[in-house]
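Please look over the notes below with the coordinates open. They are meant to be checked point by point.

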Amino acid sequence: MSQFGTNFMPLMAAATFENNQWSETKMVTSESISMHPGAHVLHYSSTCFEGLKAFRHQDGSVHIFRMDQNVKRFAQSSQLLNLPAINEDQVSKMIIDIVANYADEISAPPSSMYIRPTHIGTEASIGKAAAPTGTSLLYVLLSPVGDYFSGGTKPLRLAIEDTGMRCAPHMGMVKSGGNYASALMPIMRAKKELKADQILFCPNGDVQETGAANFIIIDDNELITRDLDSTFLHGITRHSILTLAKDFGMKVSERKITIDELLERAAKPNVEAALCGTAAVLTPVGTYLYKGKEYQVGSGSEGPITTKLRQALNDVQWGNAEDKHDWLVKVN
């Protein structure tokens with residue numbers, strides 16, 4: 001299979017906002033979109049998106065994982081960017097309809113259909129640097145994907161950054177392209193200079209998130225992660241993992257974490273750390289890189305609880321375990 005996220009289905013669902021109302025949904029080609037060179041999104045970054053997946057179960061049925069939460073976050077991002085308010089019911093139907101259209105193209109796990117709803121400002125006006133777009137385009141793009149880590153889940157090397165932030169503090173909870181762009185330069189520098197896989201952003205010693213995923217620590221029967229605020233993304237995979245940890249009887253602590261605590265816990269033989277997100281689900285961290293030193297996290301390899309939690313989430317997604325929390329939406 002091609003590189004993750006580079007293969008797309010021929011059609012996508014699309015709707016436009018003009019004259020203060022949304023158009024009816026259409027199925028259009030995903031080969032290209034047409035917009036004016038002065039479009040708001042191209043100059044003032046009025047764009048947000050979501051990422052979710054659909055899975056094929058053993059009986060052939062197709063199910064979308066936690067679509068309701070992704071649509072709610074999509075609406076929130078649109079609102080915080082002052083994009084036109086989305087119609088959540090319409091967006092949900094767009095997602096279901098385009099997935100149903102390509103249900104036969106979804107392979108069995110660990111493959112899945114990655115779903116990318118996107119909302120962009122289209123008004124042709126370069127004079128609106130301090131004003132929102134009056135028109136927009138909303139589309140739902142599909143990309144069939146395989147296992148994110150086809151060679152296995154190799155523990156990551158995580159560079160700790162204690163000066164810069166991933167993005168502006170009031171924008172952290174918005175799933176906007178600009179947040180990813182602002183994190184790219186320090187990530188590329190860490191990859192080149194430290195052979196790191198990602199950066200863990202810890203402004204003023206406050207452990208937050210990486211460039212593209214939330215961060216958790218597992219210490220014996222306790223899962224520890226940063227409590228939610230506006231400075232970082234409210235991950236749906238994060239919430240799912242925390243819910244499953246509680247189902248297993250684990251203590252879940254959502255609170256501030258300092259770099260000192262991070263490094264102190266890393267020295268414990270059974271501690272685990274991981275990143276969680278839609279694409280990679282739950283990925284182990286084996287090494288911290290901080291101020292010229294390397295710190296092995298626990299055993300340096302994937303821990304048993306990380307493995308257990310990822311498998312439990314996959315089992316629900318793949319239809320191999322009971323969906324006790326009503327996370328799945330059946331498409332066909």
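1. Basis. The model is predicted, so local features need pLDDT of at least 70 and side-chain atom pairs count only at pLDDT 80 or more, while totals for chains, interfaces and linings use all residues. Residues are numbered from 1 along each chain as its sequence is written, and side-chain values use heavy atoms, with hydrogens and water left out.

2. Packing of α5 and α7. Helices (H or I, at least four residues) and strands (E, at least two) are DSSP runs, numbered from the N terminus. Helix α5 (residues 236-247) packs against helix α7 (residues 304-317) at about 105 degrees, and their axes are 10 Å apart. Axes here are lines fitted to C-alpha atoms, for helices over the stretch in contact, and angles run from 0 to 180 degrees between N-to-C directions. The angle makes α5 roughly perpendicular to α7 (under 35 degrees counts as roughly parallel, over 145 as roughly antiparallel, 65 to 115 as roughly perpendicular and the rest as oblique).

3. Residues in that contact. Contact means heavy atoms within 4.5 Å. On the α5 side the contact is made by T237, S240, I241, L244 and A245, and on the α7 side by L309, A312 and L313. By class there are six nonpolar, two polar and no charged residues (nonpolar: Ala, Val, Leu, Ile, Met, Phe, Trp, Tyr, Cys and Pro; charged: Asp, Glu, Lys and Arg; polar: the others, Gly among them).

4. α5 itself. Buried means under 20% relative accessible area, exposed over 50%, and partly exposed in between, with a 1.4 Å probe and protein chains only. Nine of the twelve residues of α5 are buried, including R238 and T243. The end C-alpha atoms of α5 are 17 Å apart, which agrees with the 16 Å that its twelve residues should span at 1.5 Å a residue; the expected span is 1.5 Å times one less than the number of residues. Just after α5, G249 has a positive phi of about 85 degrees.

5. T306. This residue lies in helix α7 and is buried, with a relative accessible area of 0%. Leaving aside neighbours within four places in sequence, T306 is in contact with I218, E272, A274 and L282.

6. Helix α6. Six of the eight residues of α6 (residues 259-266) are buried, so the helix is largely enclosed by the rest of the structure. The buried residues are I259, E261, L262, L263, R265 and A266. What covers them includes the strands β9 (156-161), β10 (198-201), β12 (214-219), β13 (222-225), β16 (281-290) and β17 (293-296).

7. Cysteines. A search of the whole structure finds zero disulfides (a disulfide is a pair of cysteine sulfur atoms within 2.5 Å). For C48 the nearest cysteine sulfur, that of C167, is 14 Å away. The sulfur of C202 is 14 Å from its closest cysteine sulfur, in C167, too far for a bond. C48 is buried at 0% relative accessibility, and C202 is buried with a relative accessible area of 0%.

8. Backbone points to check. P109 and P110 are joined by a cis peptide bond, with omega about 10 degrees; P110 is in the loop between α3 (88-101) and β7 (112-121). S45, not a glycine, has a positive phi of about 55 degrees. S45 lies in the loop between α1 (40-44) and β4 (47-49) and is partly exposed at 41% relative accessibility. D326, not a glycine, has a positive phi of about 55 degrees. D326 lies in the loop between α7 and β18 (328-330) and is exposed, with a relative accessible area of 65%.
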